[in-house]
Amino acid sequence: MNNKKKTRTVVRFLILAVLFGAIIFTIYSSITKEKVEVLQVGDEAPDFELVDLNGEKHRLSEYKGQGIFLNFWGTWCEPCKREFPIIDRQYHEYKEKGVQVLAVNIAESDFAVQNYIDSKGLTFPVVIDKEKSVMEAYNINPLPTTFLVSPEGKIEKIITGEMNETMIKQYMEQITPDEL
């Protein structure tokens, strides 16, 4: 009988210790967790500044008044490879109408990105998010992900996955500034 009491006491203690550990872990996790809110349509697009391969700075807020086709990509991303020539073609159609393309590469080397751009003959601005801070601010997952940003700086639409020519054209039309 004495042995059963000891065993029961040990089991109860272990259960309480595990529960206490779980509570402490939960509290610690919620305190130290980064507070990254998921962006939604209608939200203000978070401002950022990144550098392109020519050393020029691109700040999102500097494009205010223009529609921004903000595309997150990687050189290894197969859908990105297929949609980039289309985005470049549509960029030439819409840049005079006030639509800017800004392609944000996720933390790859300048060499890899430059080779990729050269091989595709891309003409729109490409910047590299070396620290992945913009990727985190925009909660990017998966690639490609594109944000349509209105001339007022608001998120109009969030597209995850590959787009075809019709879609890209419609999206650029959607963020074209109204003519005065």
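1. Helices (H or I, at least four residues) and strands (E, at least two) are DSSP runs, numbered from the N terminus. The structure is a predicted model, in which local features need pLDDT of at least 70 and side-chain atom pairs count only at pLDDT 80 or more, while totals for chains, interfaces and linings use all residues. Residues are numbered from 1 along each chain as its sequence is written, and side-chain values use heavy atoms, with hydrogens and water left out.

2. The loop between α4 (133-137) and β6 holds Pro142 and also Pro144. Asn141 and Pro142 are joined by a cis peptide bond, with omega about 5°. Another cis peptide bond joins Leu143 and Pro144, where omega is about -10°. As background, most residues other than glycine have a negative phi, and most peptide bonds are trans.

3. Positive phi values deserve attention as well. Asn139, in the loop between α4 and β6, has a positive phi of about 50° although it is not a glycine. Ala107, in the loop between β4 and α3, likewise is not a glycine and has a positive phi of about 55°. Relative accessible area is classed as buried under 20%, exposed over 50% and partly exposed in between (1.4 Å probe, protein chains only). Asn139 is partly exposed at 35%, and Ala107 is partly exposed at 32%.

4. Strand β6 contains Thr145, which is buried, with a relative accessible area of 2%. The side chain of Thr145 reaches the backbone oxygen of Pro142 at 2.5 Å. This is a polar contact, that is, a pair of N or O atoms within 3.5 Å; within protein, one must be able to donate a hydrogen and the other to accept it, and residues adjacent in sequence count only if both atoms are side-chain atoms. Contact in general means heavy atoms within 4.5 Å. Leaving aside neighbours within four places in sequence, Thr145 is in contact with Leu70, Asn71, Phe72, Ile140, Ile158, Ile159 and Thr160.

5. In helix α5 (residues 165-174), the buried residues are Ile168, Tyr171 and Met172. Seen down the axis of α5, these buried residues fall within an arc of 100°, so they line one face of the helix; the arc is that of the directions from the helix axis to the C-beta atoms. Thr166 and Gln170 are exposed on the face turned away from the buried side of α5. The cover over the buried residues of α5 includes β3 (67-73), α2 (78-94), β4 (99-106), β6 (145-149) and β7 (155-160). At the N-terminal end, Asn164 caps α5: a side-chain oxygen lies 3.1 Å from the backbone nitrogen of Thr166.

6. In helix α3, Val113, Tyr116 and Ile117 are buried. Seen down the axis of α3, they fall within an arc of 95°, so they line one face of the helix. The face turned away from the buried side of α3 carries the exposed residues Phe111, Asp118 and Ser119. β3, α2, β4 and β5 are among the elements that cover the buried residues of α3. Gly121, with a positive phi near 65°, follows α3.

7. A nonpolar core is a set of buried Ala, Val, Leu, Ile, Met, Phe, Trp, Tyr and Cys residues joined through side-chain atoms within 4.5 Å. The largest such core has 46 residues, and those with the most contacts inside it are Phe48, Phe69, Leu70, Phe72, Phe124, Tyr138 and Phe147. Two or more residues of this core come from each of β3, α2, β4, α3 (110-120), β5 (126-129), β6, β7 and α5. Not counting residues up to four places away in sequence, Phe48 touches His58, Arg59, Leu60, Leu70, Leu102, Val104, Val134 and Tyr138.

8. How many aromatic pairs does a search of the whole structure find? There are 9 aromatic pairs, where rings of Phe, Tyr and Trp (its six-membered ring) pair if their centres lie within 6.5 Å; planes under 30 degrees apart count as stacked, over 60 as edge-to-face and the rest as tilted. The rings of Phe84 and Phe124 have centres 5.4 Å apart and planes at 75°, so the pair is edge-to-face. Phe84 in helix α2 and Phe124 in the loop between α3 and β5 are 40 residues apart, and their pair links distant parts of the chain. Phe84 is buried at 0% relative accessibility, and Phe124 is buried at 4%. Ring pairs link Trp73, Phe84, Tyr91, Tyr116 and Phe124 into a cluster.
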